[in-house]
Amino acid sequence: MTHILKLEDISVSFGGIHALRGVNLKLGHGSIHALIGPNGAGKTTLVSVLSGELRPNSGRVYFDGRDVNRMTTHVRARLGLTRTYQITALFQHITVWENILLSLKARDVPEVSATQLLRVHAEHFYASELADILKDFGLEEKARVMPSALSHGDRRRLELAMAITSNPTILLLDEPLAGLSNADAAELVSLIHKRLKGDVPILLIEHDMDAVFDLADEITVLVDGKVLMTGTPEEVRRSPEVQAAYLSEEDDF
Amino acid sequence: MMSLIAEQLLNGIQLGILLFLIAAGLTLIFGVMDFINLSHGSLFMMGAYFSVLFQSLTGSFFLSIGFAAIAVFGLGMLLEILLVRRLYARSHLDHVLVTYGLILIANESVILIWGSVPIFSGIPDALAGQVPLPFGIDYPAYRLVVILVGMLVGLLLFVLIQKTRIGMLVRAGATNRIMVSVLGVNISLLYTLVFALGALLAGLAGAMAGPILSVQPGMGETVLILSFVVVVIGGLGSIRGALLAAMIVGLIDTMGRAFLRDILSTVVSPQVAGEMGPALASMLVYILMALILFFRPEGLLPLQKRN
Amino acid sequence: MGASSLRLETFAVLFAMVAVGPAVAIVSGDVYQLAVFERALIYAVAAASLNMILGFGGMVSFGHAVYLGLGCYATGVLANADVTSAWIQLPTVIAVAGLAALTIGLIVLRTSGVYFIMITLALAQIFYFLAVSSSYFGGDDGMVIYERTTLLEGYDPFDSWQFYGFVAVVALFCILAINHIIRSDFGRRLVACRENTTRATALGFNVFAIRLTGFVLAGVFCGIAGFLLANQTEFATPGYASWQRSGELLVVVILGGVGTRFGPVYGAFAFVLLESVLSSFTSHWPILFGPFLILVVIFFHQGLAGLVNQLFSVRVKTE
């Protein structure tokens with residue numbers, strides 16, 4: 001069985017700092033794999049390597065068996081590697097509805113084409129799909145609102161909605177619950193359960209341990225740029241090394 | 001032949017010194033305030049015109065240079081307080097547009113007051129002769145003095161930036177603006193002084209350049225673009241970079257203009273060389289800048305930013 | 001603003017754009033007034049092309065006048081070689097300007113911010129010096145163009161009214177085309193790339209390719225403005241490609257309102273008319289224009305388009 005995502009011996013260093021050292025990680029089809037670790041462990045660096053924004057000093061990234069090392073970010077995105085951002089990256093100049101619409105159009109025609117210059121692709125074509133998405137993500141009432149007027153929770157939902165519309169083959173969720181109240185976080189988690197789990201393989205980076213143990217099939221613990229262990233949530237919870245390394249930073253085990 | 005090369009070499013250094021003075025101010029202003037000052041060339045021009053003015057008032061060349069520099073310092077302060085400080089929060093495009101407007105005003109004002117005919121401000125008698133140098137070359141005394149004064153000013157600038165408290169604030173401001181404001185320093189005053197200092201350097205360069213170039217409206221613009229090239233090649237915000245780049249640019253431009261035509265005549269006909277030579281010489285500096293931007297966009301001696 | 005009032009505004013602006021010249025000429029009885037408005041139309045096209053990459057693409061190009069110069073020289077060279085047909089001249093201008101923009105774009109679009117401004121300036125300077133120093137193109141003095149473009153049988157390019165019509169039609173077409181591109185899917189993507197490059201890339205957009213396409217299109221339309229300029233002034237000079245000219249184009253765009261659909265038209269007409277009126281009073285008109293520009297940038301950032309929008313929305317409300 002090939003894994004949808006495989007990181008082999010990834011090492012990254014900036015100047016004298018070793019951000020990542022020989023990291024190995026595998027993500028199976030249809031599973032949710034969580035990546036946890038104290039601040040500064042190298043999680044964000046790892047995500048940047050995956051998305052193509054950062055080139056590793058050594059090691060390889062395999063996407064469904066393909067070596068994607070040479071591919072730039074937008075090419076990986078077209079292959080279906082979709083990510084959300086710690087700090088929400090939305091188009092502030094257009095409404096919620098238009099944000100999702102753009103995402104849908106990008107899914108169908110990501111490249112520059114001559115017809116794009118000549119017209120606006122009929123929006124009624126996407127109307128029903130858009131309506132479904134808005135309903136699923138609880139954004140129906142906010143459709144004509146600008147992102148700046150949305151609550152933080154709604155913005156996170158919009159990010160997730162846009163991630164879904166791009167027909168992802170893997171989803172990289174970079175701290176999707178950051179900054180959310182407990183209620184909002186719980187809602188988003190159930191949304192992920194409902195709309196994503198089992199469907200699209202997900203690599204989840206999160207600090208919220210409740211959510212992690214709720215959602216994840218597998219957990220990798222990253223400390224100081226190295227993988228401390230990879231295992232089921234139970235194995236991780238019981239591991240003394242993890243408790244030692246991590247518990248000194250986090251209280252919510 | 002040797003003496004010709006040596007002479008052009010020295011001319012290149014002299015141009016480099018002038019460019020350094022202008023570029024140092026430009027790069028400081030950009031490094032500390034993130035402000036693109038297109039009117040820097042006009043400050044250079046005002047230095048030349050003020051020098052002409054003071055020379056007619058005092059009759060002394062040396063005094064006029066000093067007064068001109070001070071006058072441009074004052075002008076710089078005025079500009080910063082009245083206009084420039086409103087623009088720090090604006091986009092670079094706005095900087096470009098406003099300072100472009102200043103160029104228009106400056107050039108027209110100068111025409112109104114002095115007319116558009118180029119003024120030849122004479123070299124003072126004391127420096128009119130030639131100085132014998134090694135390799136049997138005789139080099140104009142005035143140009144030599146320009147080089148020496150430029151180097152002295154460069155040294156003073158170095159001492160100011162590296163060894164004084166103000167200099168420390170300037171260096172800190174260039175690499176970490178937020179830090180400096182947190183230190184409780186009077187940022188407005190710092191910015192005003194930095195701008196005025198930049199103006200002073202440009203004005204001094206203009207005053208000294210007067211006798212070499214002719215004093216005319218628009219004389220600032222040619223130097224301005226070259227200065228921007230210097231700033232970019234050296235590294236935005238970096239004074240050491242400006243010095244190195246200014247020397248390179250000054251030498252390439254001067255030597256190119258002097259020798260490219262002859263070099264080309266060895267491979268193509270003198271006629272073609274006569275056309276290609278000057279064209280290529282003018283373009284060389286820009287080609288260099290384009291190459292640097294392509295391969296090493298941060299410049300030759302960039303500042304180490306700590307964001 | 002509803003769709004129908006948008007169409008009304010479009011029609012009104014474009015109609016006024018081509019009609020004001022003839023109106024002034026007829027009322028004043030002086031057919032040479034048309035020349036001023038031809039100039040305004042040419043600047044409108046050049047500014048509209050710059051507005052596309054500046055106002056919508058976020059690219060501050062300080063070397064856009066290069067394409068004006070290229071279009072002008074290309075036209076002049078052909079005309080002086082007795083190739084005056086528009087059917088040959090226009091495609092040539094488009095090819096030359098497009099190729100130049102492609103080459104320059106491939107280099108400059110790797111940079112951004114200040115570097116972008118500086119490198120567009122530098123590359124424009126390279127071309128400028130080429131023009132200045134080559135005697136074949138007349139060098140510093142420029143090149144007289146002996147023939148105007150011919151189109152069909154019966155079209156007399158030296159008849160003032162017919163020539164104005166020619167310029168107006170070409171300009172109208174260009175402005176309409178540019179506006180169409182801005183409102184198309186491509187235009188929206190160009191804006192998206194400016195608004196949030198991270199998100200745009202994450203959606204799979206090749207931001208570089210999108211910007212390059214916009215850059216080349218802008219160059220082509222500016223080249224066409226150069227084609228019109230060659231006809232109008234019957235002269236090609238390196239000054240058309242100078243950085244001062246590029247600065248002028250930036251001024252026109254900001255005057256009209258950056259990133260608005262008709263800003264370039266308002267800005268061009270305001271600029272040309274202001275220049276024409278002020279210079280008839282004094283040759284020192286820049287000393288008036290300089291402060292005016294500064295005031296506009298500081299206080300009137302939305303430009304003339306902003307003012308017009310306020311007027312229009314007031315009218316819509318009272319209906």
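What follows is a chat about a predicted model, its chain A, and the sides of chains A and B that touch chain C.

Q: What should I know about the model and its numbering before I start?
A: This is a predicted model, in which local features need pLDDT of at least 70, side-chain atom pairs count only at pLDDT 80 or more, and totals for chains, interfaces and linings use all residues. Residues are numbered from 1 along each chain as its sequence is written, while chains are lettered from A and ligands numbered from 1 in the order in which they are written.

Q: How many helices and strands are in chain A?
A: Chain A has 10 helices and 10 strands. Both are DSSP runs numbered from the N terminus, helices being H or I with at least four residues and strands E with at least two.

Q: What does the C-alpha trace of chain A span along its principal axes?
A: The span is about 55 × 40 × 35 Å.

Q: Into which domains is chain A divided?
A: Domain 1 is 1-80 + 169-253 and domain 2 is 90-167. The bounds come from an automatic or database domain assignment. The C-alpha centres of domain 1 and domain 2 of chain A lie 26 Å apart. The contact between them takes 10 residues from domain 1 of chain A and 11 residues from domain 2 of chain A. Two residues are in contact if their C-beta atoms, placed from the backbone, lie within 7 Å.

Q: Which helix gives the largest share of the domain 1 side?
A: Helix α7 (residues 182-195) of chain A, with 4 residues of the side of domain 1 that touches domain 2. By class, that side of domain 1 of chain A has 5 nonpolar, 2 polar and 3 charged residues. Ala, Val, Leu, Ile, Met, Phe, Trp, Tyr, Cys and Pro count as nonpolar, Asp, Glu, Lys and Arg as charged, and the others, Gly among them, as polar.

Q: Now the sheets. What is the strand order in the open sheet of 6 strands?
A: In chain A the order is β6-β7-β8-β3-β9-β10, with mixed pairing. Two strands pair if DSSP finds at least two bridges between them. The edge strands are β6 and β10 (226-231) of chain A, each pairing on one side only.

Q: What are the neighbours of β7, and which way do they run?
A: Strand β6 (residues 81-84) of chain A is joined to β7(A) by 4 bridges, and the two run parallel. Another 4 bridges join β7(A) to strand β8 (residues 202-205) of chain A, also parallel. Leu172(A) in β7(A) is the bridge partner of Arg83(A), and Leu172(A) stands opposite Leu203(A) in β8(A).

Q: Why is strand β7 of chain A largely enclosed by the rest of the structure?
A: Because 5 of the 5 residues of β7 (residues 170-174) of chain A are buried. Ile170(A), Leu172(A) and Asp174(A) point one way from β7(A), and Leu171(A) and Leu173(A) the other way. In a regular strand the side chains alternate between the two faces of the sheet.

Q: What about the sheet of 4 strands?
A: It is open, in the order β2-β1-β4-β5 of chain A, with antiparallel pairing. The edge strands are β2 (17-27) and β5 (66-67) of chain A. Strands β1 (residues 5-14) and β4 (residues 58-63) of chain A are joined by 5 bridges, and Leu5(A) has Phe63(A) as its bridge partner in β4(A).

Q: Changing topic: how many residues of chain A are in contact with chain C?
A: 25 residues of chain A, in contact with 22 residues of chain C. By class, that side of chain A has 12 nonpolar, 8 polar and 5 charged residues.

Q: And how many for chain B and chain C?
A: 35 residues of chain B are in contact with 35 residues of chain C. Helix α4 (92-114) of chain B is one of the suppliers, and α4(B) gives the most to that side, with 16 residues. The side of chain B that touches chain C has 26 nonpolar, 5 polar and 4 charged residues.

Technical notes
A residue is buried if 20 or more other C-beta atoms lie within 10 Å of its own, exposed if 12 or fewer, and partly exposed in between; C-beta atoms are placed from the backbone.
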